[in-house]
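Open the model in a viewer and keep the sequence panel beside it. The stops below say what to select next and what is found there.

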Amino acid sequence: MPELPEVETVRRGLSPAMVGATFSRVTLRRPNLRFPFPERFAQRLEGATVTDLARRAKYLTAGLDTGETLILHLGMSGRFDVALPDGRNVSPGDFYLEGALGNAKHDHVVMAMSNGATVTYNDARRFGFMDLVPTLDLAGCKHFAAMGIEPLSEAMSPESLALLFRNKITPLKAALLDQRLIAGLGNIYVCEALHRAGLHPELPAGILAKDDGRPTMKARLLARMIRDVLTEAVAAGGSTLRDYAHTDGGSGSFQHAFRVYDRTGEPCSTKDCGGTIARIVQSGRSTFYCATCQPAKPGKPAVSRA
Ligand SMILES: [Zn+2]
């Protein structure tokens, strides 16, 4: 499943084909993905010009000059194949999927753009979806109304972490994965950020706030590490979790920078730590951490953090 950096990689890959272009012809090859397509979906898109392509958490939002916004969610296996006017074909972000190139029988939506590009949505498992909402209602629409803060925006700060997590006894990892608090963080990047901050994933989330609600040093460190790890992952084009025979769009490389994720039994990469990466299961999902530099008792880091 793509996480935020992978979705951001897809956004950057799609932008040249879509932004500033008008939908010339939209073809739906089935009535639904995870949900039915909106009413008159193709007609509402045809003739509309894409004014911007943005991202909110793991959703892409294409602003249209008709006053509507096209919301795209990739689900588990959604991908875009882009045929550019110059004859090149790119599949931005196809690296996060298991398997090789998309099978054409899963090409569900074909969007011909006025600039000559063709954008095809392929989704073998069909957990992805598309929706159209009035742009003025975007923040309050059903997809975004209950969504937490954007981790790469100014809203994500030591102060906001402290406010969100104050008095919570929920384990830090679970609180960070709660999309109603922070939207778009997933298993990989939470494990990596906690390791960089030297915080054990089972510590109570409330340790990020002082009694008066102001952020602790741990909150300051964690806010910085969340931002760092996501920024680095975006710069690396996301993470490739499977080996591929074909990756036309080029693959992400951040998996080479993982310090704990999927590294059980390997030595910790923190300088002078000497610990070993361990795996535990929290809420049914694997957590990877180093018990030496992420101690279970708060307050005494085993190694100094540069
Ligand atoms: Zn360590």
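A donor here is an N, O or S atom within 2.8 Å of the metal (3.2 Å for Na, K and Ca); water is not among the atoms, so sites may look incomplete. With that rule, the donor residues of the zinc ion follow the spacing C-x4-C-x16-C-x2-C in sequence. This is a predicted model, in which local features need pLDDT of at least 70 and side-chain atom pairs count only at pLDDT 80 or more, while totals for chains, interfaces and linings use all residues. Residues are numbered from 1 along each chain as its sequence is written, and side-chain values use heavy atoms, with hydrogens and water left out.

**Stop 1: the zinc site**

Select the zinc ion together with Cys268, Cys273, Cys290 and Cys293; the SG atom of each cysteine is a protein donor, lying 2.3 Å from the ion. The arrangement is tetrahedral because the four donor atoms subtend angles of 101 to 120° around the zinc ion. (Four donors count as tetrahedral if all angles lie between 85 and 135 degrees; four count as square planar and six as octahedral if opposite donors are over 155 degrees apart and all others between 65 and 115; anything else is irregular.)

Are Cys290 and Cys293 buried or exposed? Both are buried, where buried means under 20% relative accessible area, exposed over 50%, and partly exposed in between (1.4 Å probe, protein chains only). Cys273 is buried too, at 12% relative accessible area.

Next, select Lys271 and Asp272. They form a salt bridge with the closest N and O atoms 3.6 Å apart, and both residues are exposed. A salt bridge is a side-chain nitrogen of Lys or Arg within 4 Å of a carboxyl oxygen of Asp or Glu.

**Stop 2: salt bridges between elements**

The structure holds 14 salt bridges. Select Glu8 and Arg55, whose side chains meet in one of them at 2.8 Å, N to O. Glu8 belongs to helix α1 (residues 4-18) and Arg55 to strand β2 (residues 50-56), so this pair ties together parts that are 47 residues apart in sequence. Helices (H or I, at least four residues) and strands (E, at least two) are DSSP runs, numbered from the N terminus. Glu8 and Arg55 are both buried.

Move on to Arg196 and Glu232, which form a salt bridge with the closest N and O atoms 2.9 Å apart. Arg196 sits in helix α5 (residues 187-197) and Glu232 in helix α6 (residues 217-235), so the pair ties together parts that are 36 residues apart in sequence. Arg196 counts as buried at 6% relative accessibility, whereas Glu232, at 35%, counts as partly exposed.

Finally, select Glu8, Arg11, Arg12, Arg55, Arg56 and Glu150: salt bridges that share partners join them into one network.

**Stop 3**

Select residues 59-64, strand β3; six of its six residues are buried. Tyr59, Thr61 and Gly63 cover one side, and Leu60, Ala62 and Leu64 the other.

Strands β2 and β3 pair in the antiparallel sense over six bridges; two strands pair if DSSP finds at least two bridges between them. Arg56 has Tyr59 as its bridge partner in β3. Two residues separate the strands of this β2 and β3 hairpin, where Ala57 takes a positive phi near 50°.

On β4 (residues 68-73), β3 pairs in the antiparallel sense over five bridges. Gly63 stands opposite Thr69 in β4. The hairpin of β3 and β4 has three residues between the strands, and Gly67 takes a positive phi near 90° there.
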